[in-house]
Amino acid sequence: MLGKGVGVGGTKAPKPSFVSYVRPEEIHTNNQEVAEKEVALHLLPGEQLLCEASTVLKYVQEDACQHGIYGKLICTDFKIAFLSDDDSTLDNDVCETQFKNKVIGENEITLHCVDQIYGVFDEKKKTLFGQLKKYPEKLIIHCKDLRVFHFGLRYTKEEEVKRIVSGIIHHTQAPKLLKRLFLFSYAATAQDKPVRDPQNHTVMFDTLQDWCWELERTRGNMKYKAVSVNKGYKVCERLPAYFVIPIPLPEEEVPRFQGHGIPIWCWSCHNGCALLKMSALPKEQDDGILQIQKSFLDGIYRIIHRPPYENVKTEDLSSNFLSLQEIQSAYSKFKQLFLIDNSTEFWDTDIKWFSLLESSSWLDIVRRCLKKAIEIAECLEAQNMNILLLEENASDLCCLLSSLVQVMMDPHCRTRVGFQSLVQKEWIMGGHCFLDRCNHLRQSDKEEVPMFLLFLDCVWQLMHQHPPAFEFTETYLTVLSDSLYIPIFSTFFFNSPHQKDINMGRENLDIQSKPLNLLTVWDWSVQFEPKAQTLLQNPLYVAKPKLDRGQRKGSRCKHHQRQLSLPLTQSKSSPKRGFFREETDHLIKNLLGKRISKLINPSDELQDSFREFYDSWHSKPSDHHGLLLPRIEGPEVKVWAQRYLRWIPEAQILGGGRVATMSKLLEMMAEVQSLQEKIEERNNSQGALQAKAPSLLRNSARLSSLFPFALLQRHSSKPVLPTSGWKTLGDEEDLAKREDEFVDLGDV
Amino acid sequence: MWWGGRGHSFNIAPQKDNPELGLSAPKSIQGSGMPEPRRNQLGSCLTSGCLSGEQILAWAPGIRKGLEPELPGTLICTNLRVTFQPCGWQRSQDTPLSSEYDFALVNIGQIEAVSGLSRVQLLRPGSLLKFIPEEILIHGRDFRLLRVGFEAGGLKPQAFQVTMAIVKAKAQSSQGQQYAGIILSKAGQSSASRNPPIPLLETSEDWETERKKQGARDWRVSTVNERFDLATSLSRYFWVPKRTLDSEVRRTFGHFHQSRGPRLSWHHPAGSDLLRSGGFCTASDPNKEDIRAVESMLQAGHSDVVLVDTMDELPSLADVQLAHSKLRTLCQPDSSAAEDKWLSVLEGTRWLDYIRSCLRKASDITVLVTSRVRSVVLQEHSDRDFNGLLSSLVQLLSAPEARTLLGFQSLVQREWVAAGHPFLTRFGETTASEEAPVFLLFLDCVWQLLQQFPAEFEFSEFFLLALHDSVRVPDTLTFLRDTPWERGKQSGQSNSYTKVYTPGYCQLPAGDSINPQLSVWNWSLRYSNEQRLQFHNPGYDPESCPDSWLPRQQSSFTVPGPPSSVWLFSRGALTPLNQLCPWRDSSSMLAISSRWFPRPAISSESMADQEWGLPSHWGACPLPAGLLLPRCLGPQIKLWKRCYLRGRPEIQMGLLAPTISGLQDELAHLQELLRKWTPRINNS
């Protein structure tokens, strides 16, 4: 088991490395030797053990019974790990390995995943930070993936307590240097190139060619061009080396304000309208400079206002939309609802669940993002307007909205590869400051804003409302959100592509002999076995049938006619003011039943066209390969239950939840497929397309609603049954058999 | 006559013979100023769908809106119902009523007329319409919404007339109870189509069959209430312990509120018994022998007895009513609750809170019944509301048979209809002010279970909706009476020992006659075949629930002397009791209001934890197969959107469910295709 070290091939003998606590030979080659050891710590290449403490009690569930298991608490430069003394822990359990993460185990927390650390002193819970005078009898760790760990230290030797507690506090909370990230020691030690999955065509957008392809795919190449003016990051360190701008815009203009004030292309809609973004020009006091800025901007706007460009609507995201502080404070209230220390606390808050949820206003923020994205989609789709997103650095809300709009409008972005390329294009190359926003270096809490998580939550809402439209599952989104905190992937550990390149040595190849070899998160085989990866694939998704070119054109037209809800000719600026009679009539017909006076407000034209677009889209059957709009009414925006509730035992419904429907669905799909195949055979045509259904889900009688995460929650000790009541219900053998059945199901 | 709106005035030809717009005269349609040629043609078409005794009061062509697609048709108001009849739609002979297009007058909650942009008038009984409506909105008390837009041009007076007719008809109908004599003609064929029949539990044979099915060998059917002289609210037959004599039953039941003594509700295959009983009459003074008899009936042959204080931690009737009316207000399509305040307003209704307490309690009782062989007695003062709710939920949670379509219907028939739930009063149809939709609360609880365990129920959400919508349709007696006695009286069986059907007997003075054989379970009255197909849950996986999960071994019925342990289940925990009955000395536990008990600290554990010593949420926890333990966390109790938000257009589009039924359709289609193909291949 340990031999499957990440990125390590079994054939090459690894070089001994002075940083590793256990020599590589020991890790990689000799399974038998490992098995003989009492407690084996699984260290990644380059990982160093920092401190450890024994006879730590890990509480299984914080309730009245205070049940726990003894073991060793270990802190390395990568993770905090708990190793049970008991050999029979379920590490080797079949059912558990099914969805096991190969990098991070059930009892492991990466240092970056630690959110808050509390100590319990005489039954009182206090936040721990800095130097401690007194050491707690219990350690509570809240994780960013919402797990909560309780470690009892009462039976641990005092000096060990001191060492481990201060070690953990120091390594998780003290500010760090970028170069000290585990990412680098890992990359330096792991020798082998990760095998690129041939299936994985995620576009990284780090070459000019990638951008050209994207332009071609969206047919934006008539009006926009990819430029390499920033090659070597000579113009600007925030921008990627290659990006796309309008064709008539001279490349010399780009460096004028270090890339500020330049409209950068994000995506082109099928009707030629484009989504653009621009980082605002720096605020200046000096009139002279302001004058220069103004004339520069005027020039830019003149270019993008002229034909062939459509009318441009500017969305200023820094002034009249969400603020980063709002998002930050909402999430910190929101997550508290799920970080539950014990069930008593839980039941106390449960009564007021809805008002607590509402007062966190996280769902409202999700709703506002979705609404803004629909507004933008409406402008692009129905009003034939270009949209220019404007933000200070164009790297926070810009990333969120432009990618959300693309998920809604571009079915390609709802495939797994398309979605990954989208994240790569808008977030990674878009210069979202993952390092700061996730606070990976612990340098400033103020900068920590869960922007990417907000995006995933918005995508989840869409997915929840239109499950068959996505190739990936909510489990995919959940594990993607978890991957934000695993510092062996370079994807989410830099503030900009520039920062990544200079630190990787790609920038100046002559100085360093060899560029570091960093993994991307999109290589899912690093984290999951192929079997577990099937859970990331939505079995309900049906790929758009591929047609040959001639056909495609025709069908495309038709397709768009259907998905367009408004006549395209109806431009916003048209002088036709017959609005009142015809359109309002239509509108009233659509809206009646809602409070009339509240909604009919003829002066608010934007609101009206938005509502009409929204209502008319929803009144038609939706096309999973076309435009996709979410519902945003009060009852429709929901809590992403899988991500937020998965560690709460009270939330588990045995034999219930959507999993139950899902397995039934899969069964029916299999039947449909086999019938289809039979018909196809008769038709003498090629075999039908084969959708892969996760075998883990098949035929399983009693999964729980928290599947696949609930499996990880299984407790090691056998439950004790009072025999008195059970004697009559059936003998224990039966029960045991039943349990075995459950365990074995995964293998089927 | 002039009706003038601001800026507009319409001249409507006064009605010559009928200023009341024809409400009093059945033939008003002749007198109304409808265009002649059209009327004849339409008139015959319209009346063809009429039931006997039904009169068309007014009609107007219109377009149904709000639901896709928009349907042109005719809005008809009769003395029984409001119907929207789409063009070209024919009432099938098999389904004389329509679940989709009919609005029973009693079901109408609120009528709004709309004209132009801003003119909305709420029409109360007796109010006069101030303008010619362009559209009428009829809000059903069952949360449905009928929106009809009227054709403009020349026909506006009709729009006015039909609107006013609806207002008046509704005002007059609120006391009228049922469609008179409508279904008699259909009775023959529909009873034949009721397959397999739901036992109505009006005969002792039905009870005996049911008893055998449950394997309750130590129980018998008592005929002591055959003439309803023991209690009118009790069913004619019920189950009592085998050894108890009818005279004993008569004596002991007298010491309970409304003579509703302890009776068997359900026999658990593993041996436990679930009993329900009314409250002890504290005023009565039973002798020692009676007390012993009461005790032995409660004990039901078990040494372990748990008395469940049903009302403890459950809402009162008034609470339920208030919550439901708040919920209704919130779910109005024009609800003023802002989207960002939606959640807290929803919480403020407390409806979900009450559902949660019902589910939690039911799940606790289920554990009590399952974990040991014992007698569990549900005790509610009246024994007619929450006892039925809890006992039905417990059976749904522990018996896979109750989760089938047939099983659920007979469960409702047994625990609600036959057990004397006062439907009429609870739905506010009588003058008594005890309106409280306890039954709807129950249906919502079942819907929650359906959400949590989508593969465990044979019936679908659509079926629950159908049941939900049935409570106000005045077609059959099932939900239109408060007690089995009244129901029996009406259906003409009150004193007959034999089941001989005497046609003359059921003739009521007013000429009403309702076929006694019809019940709400005759779905074909209102639901077409296609609709009834949707009652089945395509996700149901009967293999996952074995027929019987336990060997039916049972200790023989012996009275083990005084029970060895007597418990009171209250505030989520078991408290030992000194005695079962409150009469022997005044310091008995039950005499004290249980509200005084503080909820013990361990209550954060579920009953399952306490009883089994293991948290039920542990992965592969060996819960008995077929046992469901629902979860009642805040995020897991949901709003039944397809029921309550039906008036809102966005709810019409399903989310996940269409996927399943869509797949099923595809499956059927493919199978058909394959069938067609097969002979062709063979021939060639």
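Biologist: Buried means under 20% relative accessible area here, exposed over 50%, and partly exposed in between, with a 1.4 Å probe and protein chains only. By that cut-off, are A:Glu636 and B:Lys641 buried or exposed?

Modeller: Both A:Glu636 and B:Lys641 are buried. Before we go on, this is a predicted model, in which local features need pLDDT of at least 70 and side-chain atom pairs count only at pLDDT 80 or more, while totals for chains, interfaces and linings use all residues. Residues are numbered from 1 along each chain as its sequence is written, chains are lettered from A and ligands numbered from 1 in the order in which they are written, and side-chain values use heavy atoms, with hydrogens and water left out.

Biologist: Fine. What do the side chains of A:Glu636 and B:Lys641 do?

Modeller: They form a salt bridge, 3.0 Å from N to O. The term means a side-chain nitrogen of Lys or Arg within 4 Å of a carboxyl oxygen of Asp or Glu. This pair crosses between chains: A:Glu636 is in the loop between helix H22 (605-618) and helix H23 (641-645) of chain A, and B:Lys641 is in helix H19 of chain B. Helices (H or I, at least four residues) and strands (E, at least two) are DSSP runs numbered from the N terminus.

Biologist: How many salt bridges over all chains?

Modeller: The rule gives 52. One of them joins A:Lys372 and A:Glu315, with the closest N and O atoms 3.0 Å apart. A:Lys372 sits in helix H11 (residues 362-381) and A:Glu315 in strand S13 (residues 312-316) of chain A, so the pair ties together parts that are 57 residues apart in sequence.

Biologist: Is A:Lys372 buried or exposed?

Modeller: A:Lys372 counts as buried because its relative accessibility is 11%. A:Glu315 is buried too, at 6%.

Biologist: Switching to domains. Where are the bounds in chain A?

Modeller: Domain 1 covers 49-85 + 100-174, and domain 2 covers 208-536. The bounds come from an automatic or database domain assignment. The C-alpha centres of domain 1 and domain 2 of chain A lie 35 Å apart. The contact (heavy atoms within 4.5 Å) takes 26 residues from domain 1 and 23 residues from domain 2 of chain A.

Biologist: How much area do domain 1 and domain 2 of chain A bury between them?

Modeller: About 2200 Å², with 51% of it on carbon and sulfur atoms. Buried area is the accessible area (1.4 Å probe) that two parts lose on being put together, summed over both. On the domain 1 side of chain A, A:Lys102, A:His112 and A:Lys144 lose the most, together 29% of what that side buries.

Biologist: How many salt bridges are there across that interface?

Modeller: The rule finds 2 between domain 1 and domain 2 of chain A. As for A:Lys144, its side chain meets that of A:Glu448 in a salt bridge (3.4 Å, N to O).

Biologist: And A:His112, what touches it?

Modeller: A:His440 does; leaving aside neighbours within four places in sequence, A:His440 has contacts that include A:His112, A:Phe434, A:Tyr485 and A:Phe493. A:His440 lies in the loop between helix H14 (434-437) and helix H15 (451-465) of chain A, and at 3% relative accessibility it counts as buried.

Biologist: Now chain B. What is the strand order of the open sheet?

Modeller: The order of its 8 strands is S6-S5-S4-S3-S10-S9-S7-S8, with antiparallel pairing. Two strands pair if DSSP finds at least two bridges between them. Strand S6 (102-104) and strand S8 (119-123) of chain B are the edges, each pairing on one side only.

Biologist: What about S9(B), how many of its residues are buried?

Modeller: 6 of its 6. B:Glu135, B:Leu137 and B:His139 are on one side and B:Ile136, B:Ile138 and B:Gly140 on the other. S9(B) is joined to S7(B) by 6 bridges and to S10(B) by 5 bridges, in the antiparallel sense. In the hairpin of S9(B) and S10(B), with 4 residues between the strands, B:Phe143 has a positive phi near 75°.
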